[in-house]
Amino acid sequence: MKLKVLSLPDFFDGEAQLIQQLFENGMPCFHLRKPAATVEEIEALINKIDASYYNRMIVHDQVELAKKYNLKGVHFSFRTRNEISTPLPNFIKSWSCHSLAELAEISNSVDDAFLSPVYDSISKDGYLSNFKFNDIRADLKQINSCQVFALGGISIDKVEEIKILGFDGIAVLGTLWQSTDPNTVLKQFLTKIK
């Protein structure tokens, strides 16, 4: 099972330093997602992180920044879905799905998919899950074109259930960033997914 960490959508003081610490503590993959930010603001944050970690960073919607900094990959949103067929050799391409039907329709050009919200969201009020776990388990057995990550309401106590459902990994946001000690939460997740 794999772990991905998503950034908060808004910038905050000390963010680059905290991201750097998370990488130093073993964060395997970081999704830099700032939907309201300019390219320049996203690039400024990238420049504050040690370049040795760029191979673990996936930027959302910014193909040119991924190429410029030789990042791990690009996550495409609904805003950039028409660019998903862009040839990006050696880059991970990812996509978000909010239903099992949407997940089933993913093209082979996508390496990773987030399915959300698997549980009621921690970071978004009113963003509730409507999945039936028996359906998830059955549908995930049929997906072999990409890796599927559970997103939404992911806490430490749900990792075992997520494994049983057949996900390839988890993507965390609220549990980590809303804690008083994100580094400790990261270490707990890394221990639990082994």
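How many bridges join strand β6 to β7, and do the two run parallel or antiparallel? Select residues 112-115, which form β6, together with β7: four bridges join the two strands, and they run parallel. The model on screen is a predicted one.

**Stop 1: β6 to β7**

F149, in β7, is the bridge partner of F114. Next, follow the chain out of β6 through helix α5, residues 133-140, and on into β7; this β-α-β crossover is right-handed.

**Stop 2: β7 to β8**

Pick A150 and look across to β8, where I170 stands opposite. Helix α6, at residues 159-165, belongs with β7 and β8 to a right-handed β-α-β unit.

**Stop 3**

Centre the view on I46. Leaving out residues up to four places away in sequence, I46 touches L32, Y54, M57, L65, Y69 and L71.

**Stop 4: H75**

Move to strand β4, residues 73-76, and select H75 within it. H75 is buried, with a relative accessible area of 3%. Which side chains make polar contacts with the side chain of H75? One is that of S94, at 2.6 Å; another is that of S96, at 2.9 Å. Now display the surroundings: not counting residues up to four places away in sequence, H75 touches H31, I58, V59, H60, D61, S94, W95, S96 and F114. F114 is the residue from the first stop, paired there with F149.

**Stop 5: the cysteines**

Select the cysteine sulfurs. How many disulfides does the structure hold? The count is zero. Start at C29: the closest cysteine sulfur is in C146, 14 Å away, which is too far for a bond. C97 is in no disulfide either, and the nearest cysteine sulfur to it, that of C146, is 7.2 Å away. A disulfide needs the two sulfurs within 2.5 Å. Colour by accessibility to finish: C29 is buried at a relative accessible area of 4%, and C97 is buried at 0%.

Technical notes:
Residues numbered from 1 in each chain as written. Predicted model: local features only at pLDDT ≥ 70, side-chain atom pairs only at ≥ 80, totals over all residues. Heavy atoms only, no water. Buried < 20%, exposed > 50% of the residue type's maximum accessible area, 1.4 Å probe, protein only. Contact = heavy atoms within 4.5 Å. Polar contact = N/O pair within 3.5 Å; in protein donor to acceptor, adjacent residues only side chain to side chain. Pairing = 2+ DSSP bridges. Right-handed = clockwise from strand over helix to strand, strands pointing away.
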